[in-house]
Amino acid sequence: MSGNRRKGRQPSPDERRLWAQVTADVEPLLRPRRRPVSGAPEADEAAGAATGETARPQPAKALAMPPPTVTALRQPAPPPLSRLEPRQRRKVARGSRAIDARIDLHGLTQAEAHVRLRGFLAHAQAQGATLVLVITGKGGPGGSPSAEGRGILRRVVPQWLSFPEFRSLVVGFEEAHAAHGGGGALYVRVRKSGKWGAP
């Protein structure tokens, strides 16, 4: 045998035409893979594999959500405290306008005085009273605040009457006339039961 390899015979033109007619209706078993469109995930992965880079996942776009609406429950603001009219105050000082009830807080601690005062005003309201006298005392010598239950009540009782817990009971208050204790007492106007307005 010769060391040179014999080349295979090439088909003639007639044989090529015949082969084309025979294979015209034959479909290939393996279809060629479609080339991915540029920008598709497969193309991006293939490009990343070719360059040695890993495709980074794109962050999802945050959906724009409307801010939550919070409806605040607003409590009705209590009306401002009012004072006695000058004409009415003069009648009270002269005794032509009677004081419906009075309470003396002398000698009580703050805790005792607070409970007594609230109970007194609630009872006065239930009885239909409109003006009461609350005696706190003037305190130490010269009217200066001193020990608990004496001068301290002169300072804290007006503060209590301004608190929301008393606003359903009190329309207003002011220092009493000298005939009723002056700086050691208070005229307190009692609110009508179940009403915010002045009696």
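The questions below ask how labels given to parts of this predicted model follow from its computed values.

Q: Why is Glu-174 called buried?
A: Buried means under 20% relative accessible area, exposed means over 50%, and partly exposed lies in between, with a 1.4 Å probe and protein chains only. Glu-174 has 5% relative accessibility, so Glu-174 counts as buried. Of the 199 residues of the protein, 26% count as buried.

Q: What makes Glu-174 and Arg-89 a salt bridge?
A: A salt bridge needs a side-chain nitrogen of Lys or Arg within 4 Å of a carboxyl oxygen of Asp or Glu. The closest N and O atoms of Glu-174 and Arg-89 are 2.8 Å apart, and the pair is a salt bridge. The two residues link distant parts of the chain: Glu-174 is in strand S3 and Arg-89 in helix H3 (residues 86–94), 85 residues apart. Arg-89 has a relative accessible area of 24%, so Arg-89 is partly exposed.

Q: How many salt bridges does the structure hold, and how do you know that Asp-14 is in one of them?
A: The structure holds three. Asp-14 pairs with Arg-17, with the closest N and O atoms 2.1 Å apart. Because Asp-14 and Arg-17 are three residues apart in helix H1, about one helical turn separates them. An α-helix has 3.6 residues a turn, so residues three or four places apart point the same way. Asp-14 is at 52% relative accessibility and therefore counts as exposed.

Q: What makes Asp-100 and Arg-97 a salt bridge, and why is Asp-100 called partly exposed?
A: The closest N and O atoms of Asp-100 and Arg-97 are 3.9 Å apart, and the pair is a salt bridge. At 41% relative accessibility, Asp-100 is therefore partly exposed.

Q: Which residues make up the nonpolar patch on the surface, and why is Val-22 called exposed?
A: Patches are made of residues with over 30% relative accessible area and no salt bridge; like charges are joined within 9 Å, and nonpolar side chains (Val, Leu, Ile, Met, Phe, Trp, Tyr) within 5 Å. Leu-18, Trp-19 and Val-22 form this patch, with about 360 Å² of accessible area together. Val-22 is in helix H1 (residues 13–22). Its relative accessible area is 52%, so Val-22 is exposed.

Q: What makes a set of residues a nonpolar core, and which members of the largest one touch the most others?
A: A nonpolar core is a set of buried Ala, Val, Leu, Ile, Met, Phe, Trp, Tyr and Cys residues joined through side-chain atoms within 4.5 Å. The largest has 24 residues, of which Leu-121, Val-157, Leu-161 and Val-188 touch the most other members. At least two residues each come from helix H4 (110–126), strand S2 (131–135), helix H5 (151–162), strand S3 (170–175) and strand S4 (185–190). H5 gives the largest share, six residues. A second, separate core has nine residues, including Val-92, Ile-99, Leu-131 and Ile-135.

Q: What makes His-180 and Tyr-187 a polar contact?
A: A polar contact is a pair of N or O atoms within 3.5 Å; within protein, one must be able to donate a hydrogen and the other to accept it, and residues adjacent in sequence count only if both atoms are side-chain atoms. The side chains of His-180 and Tyr-187 are joined by a polar contact of 2.5 Å. His-180 is in the loop between S3 and S4.

Q: Why is Gly-184 called buried, and which residues does Gly-184 touch?
A: Gly-184 has 5% relative accessibility and therefore counts as buried. Gly-184 also lies in the loop between S3 and S4. Contact means heavy atoms within 4.5 Å. Not counting residues up to four places away in sequence, Gly-184 touches Val-134, Ile-135, Thr-136, Gly-137 and Lys-138.

Note on methods. Residues numbered from 1 in each chain as written. Predicted model: local features only at pLDDT ≥ 70, side-chain atom pairs only at ≥ 80, totals over all residues. Heavy atoms only, no water. Helix = DSSP H or I, 4+ residues; strand = E, 2+ residues; numbered from the N terminus. Areas by Shrake-Rupley, 256 points an atom, 1.4 Å probe, with all protein chains shown as cover.
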